[in-house]
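Q: I have a structure open and would like to go through it. Can you take my questions as they come?

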Amino acid sequence: MELLALLNLDGLSLGMSRLSMYPYFDSAHYIVSVMALKEQPGAVEVARRSPFACWFSAMLYCFGGAILSGLLLAEPALACFSNTSNVLLASVIWYLVFYSPQDLVYKCASFLPVRLVLTGMKEMTRTWKVLGGVTQAGKQYKEGWLVMIAVGWAKGAGGGLISNFEQLVRGIWRPETNELLNMSYPTKVTLLGAVLFTLQQSQYLPVAKHNLMFIYTIFIVVNKVRMMLTRSTASPFAPLEAFLYQLLFASQPEETKTRADAQVPVRSPSRDTCSAPKKDVVASVISRNGSAVPETNGNISCVPEANGNGAAVLEKSDKDTAVSKNQSNKKCD
């Protein structure tokens, strides 16, 4: 980029892109990863009860990205363990962090200036992992953008994406902590890097690879150090995420709900003293021979419950009707 050339940073970015991650940067990655495991609830108890389960969890933290990316590319998931030097280095660091006398290694690494340096070095390895995943997928799927993004994302943030499986190793099952349900900042920034490197690999982003590596590395290192110093867990992408959510996803359900509420008919309450409306009541009385005779008088709003005295009530009603008719005939006479 012209800006980097003007600032005489083009040579620096090119030199940084040629750095070897082994052994110093890989060691920093292993130390920070194992420390993150030790800070999980119940991890120390698991280390005392089952050292092998603790070691296996540590290997998932250290090599989770390589394992997951291998599975996505239909390659052996244990291929990352073929590098004996890396496995031995990670195992030694695991032992020292968990079982060193007086917990000296963990206490020294937890000292804030030391931890800031180790975290910055670990974030640099993230850039190399994302780029390595995108490049590896691009060799097999040249036009497969989604595959390249997925593999780069998995290789850079695989430890978080397979966290539920790692919890099972320690005897914990917390599906609500799925990384896809509540993505952390490392997972989000790794996804962003996978998209950027995929665009650059497909020649849709006019930036040299070493310059993009330099810019992305500076961005993630500075943000991670800032978050550690301020002890903030807020993602720098939060404002953009909130805007996109309100624009693309939040408005549609509200409109649908309002439209559905408007289509629901509102029924006014009945003024009758009975619980059922007049038109919904089927009136019936018991005849003298016990058969049900439907009442056709539409003015009847309530029907007394049929009982054993139904015939007597009907007989009395007939007598009253006959008496009233006789009185009416007498008046007419």
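A: The axes of helix H8 (residues 112–140) and helix H9 come within 7 Å and cross at roughly 145°. Axes are lines fitted to C-alpha atoms, for helices over the stretch in contact, and angles run from 0 to 180 degrees between N-to-C directions. Helices are DSSP runs (H or I, at least four residues), numbered from the N terminus.

Q: What kind of model is this, and how are residues numbered?
A: It is a predicted model, in which local features need pLDDT of at least 70, side-chain atom pairs count only at pLDDT 80 or more, and totals for chains, interfaces and linings use all residues. Residues are numbered from 1 along each chain as its sequence is written, and side-chain values use heavy atoms, with hydrogens and water left out.

Q: Back to H8 and H9: which residues of H9 make the contact?
A: On H9 they are Val147, Met148, Val151, Gly152, Lys155 and Gly156. Contact means heavy atoms within 4.5 Å. The H8 side includes Arg126, Lys129 and Val130.

Q: What does H5 do with H9?
A: H5 and H9 (residues 145–161) pack at an angle of about 145°, with their axes 6 Å apart. Among the H5 residues in that contact are Leu60, Gly64 and Ser69.

Q: Where is Ser69, and is it buried or exposed?
A: Ser69 lies in helix H5 (residues 51–72). Ser69 is buried, with a relative accessible area of 4%. Buried means under 20% relative accessible area, exposed over 50%, and partly exposed in between (1.4 Å probe, protein chains only).

Q: What does Ser69 touch?
A: Leaving aside neighbours within four places in sequence, Ser69 is in contact with Val151, Ala154 and Lys155. A polar atom of the Ser69 side chain also lies 3.1 Å from the backbone oxygen of Ala66.

Q: New topic. What is the peptide bond from Tyr22 to Pro23 like?
A: That bond is cis, with omega near 5°. Pro23 sits in the loop between helix H2 (10–17) and helix H3 (24–38). Most peptide bonds are trans.

Q: What about phi of Gln102 and Gln203?
A: Phi of Gln102 is near 60°, a positive value in a residue other than glycine. Gln203 has a positive phi of about 65°, and is not a glycine either. Most residues other than glycine have a negative phi.

Q: Why does Gln203 count as exposed?
A: Because its relative accessibility is 73%. Gln203 lies in the loop between helix H11 (185–201) and helix H12 (209–230).

Technical notes
Helix = DSSP H or I, 4+ residues; strand = E, 2+ residues; numbered from the N terminus. Polar contact = N/O pair within 3.5 Å; in protein donor to acceptor, adjacent residues only side chain to side chain.
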